Amino acid sequence: AWPAVEPSRPFKQNWHIGAVCDHLEAQYRGEIPDLVINMPPGFCKSMSCTIMAPVWRWTTVPGDRFLCFSYSSDLALEHSRLRRMLIQSRWFQERYGRLFRLVKTGIELFTNSSQGMMIATSVGGMATGLGGEHNIGDDLLNPAQAASAADLANCERFIRHTMGSRLRDKKGGTNLIVMQRLHERDPAGLLIEMGYELLLLPAE
């Protein structure tokens, strides 16, 4: 699917992408309900976890609902735009177009004919009453925020009191956080402490 969203940049295969995909598939099989993936910027973390994987999930379970969070609404909306672009691409439609059609096609929220939904929002912008089967947090904190005790505390409140409450299926739902490490008390550190499975892919 790479050329459907990155037509001018060649795909560069590497073993770490396989490791990420193995963990994502295991999560969607119910084997790793709570997962943290730590890796540096520029190594396809958003493309793999936040853009490709939810769309791939819709090819088998199109009724699933995803809540996709980022530290800013601009970043969340860009990820949503790419998910929608992938679904509407000729590549996808030729292979999976018979499975569902998009009904509501906004960037912040779009739905399909099987009642599946993908919602894009920021840490502070979650709309009341919306929930789903899968939470994806992609860069819940940026490097500047990691230097702020107030921003760290706000992100911790979001994780402890908001993120988990948005899962409609408390036992079968999934939580995925993907980010670079920024601080001992950043979201990844907090969730590892809370018992999340960790895939650690450091730059060398």
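**View 1. Helices that line the largest pocket of the predicted model.** In this predicted model, α2, α3 and α5 (90–96) each supply at least two residues of the lining of the largest pocket, helices being DSSP runs of H or I with at least four residues, numbered from the N terminus. The largest share of that lining, six residues, comes from α3. The volume of the largest pocket is about 460 Å³, where a pocket is an open set of points on a 1 Å grid over the protein atoms alone at which a 1.4 Å probe fits, with protein on both sides within 12 Å along at least five of seven lines, and where lining residues have an atom within 4 Å of a point; a volume is the space filled by probe spheres set on the points, which are joined across faces, edges and corners. Among the 19 lining residues, A1, C21, M52, A53 and W56 are the closest to the centre of the largest pocket. By class, the lining of the largest pocket holds 16 nonpolar, two polar and one charged residues, with Ala, Val, Leu, Ile, Met, Phe, Trp, Tyr, Cys and Pro counted as nonpolar, Asp, Glu, Lys and Arg as charged, and the others, Gly among them, as polar.

**View 2. The crossing of α2 and α3.** The axes of α2 (residues 15–28) and α3 (residues 45–58) come within 11 Å and cross at roughly 45 degrees, axes being lines fitted to C-alpha atoms over the stretch in contact and angles running from 0 to 180 degrees between N-to-C directions. That angle makes α2 oblique to α3, since angles under 35 degrees count as roughly parallel, over 145 as roughly antiparallel, 65 to 115 as roughly perpendicular and the rest as oblique. I17, V20, L24, E25 and Y28 in α2 meet S48, C49, A53, P54, W56 and R57 in α3, contact meaning heavy atoms within 4.5 Å. The residues of this contact comprise eight nonpolar, one polar and two charged.

**View 3. The second largest pocket.** With a volume of about 370 Å³, the second largest pocket is lined by 19 residues, of which G42, F43, C44, K45 and S46 lie nearest its centre. α3 gives the most to this lining, with four residues.

**Notes on the model.** Residues are numbered from 1 along each chain as its sequence is written, and side-chain values use heavy atoms, with hydrogens and water left out. Local features need pLDDT of at least 70 and side-chain atom pairs count only at pLDDT 80 or more, whereas totals for chains, interfaces and linings use all residues.
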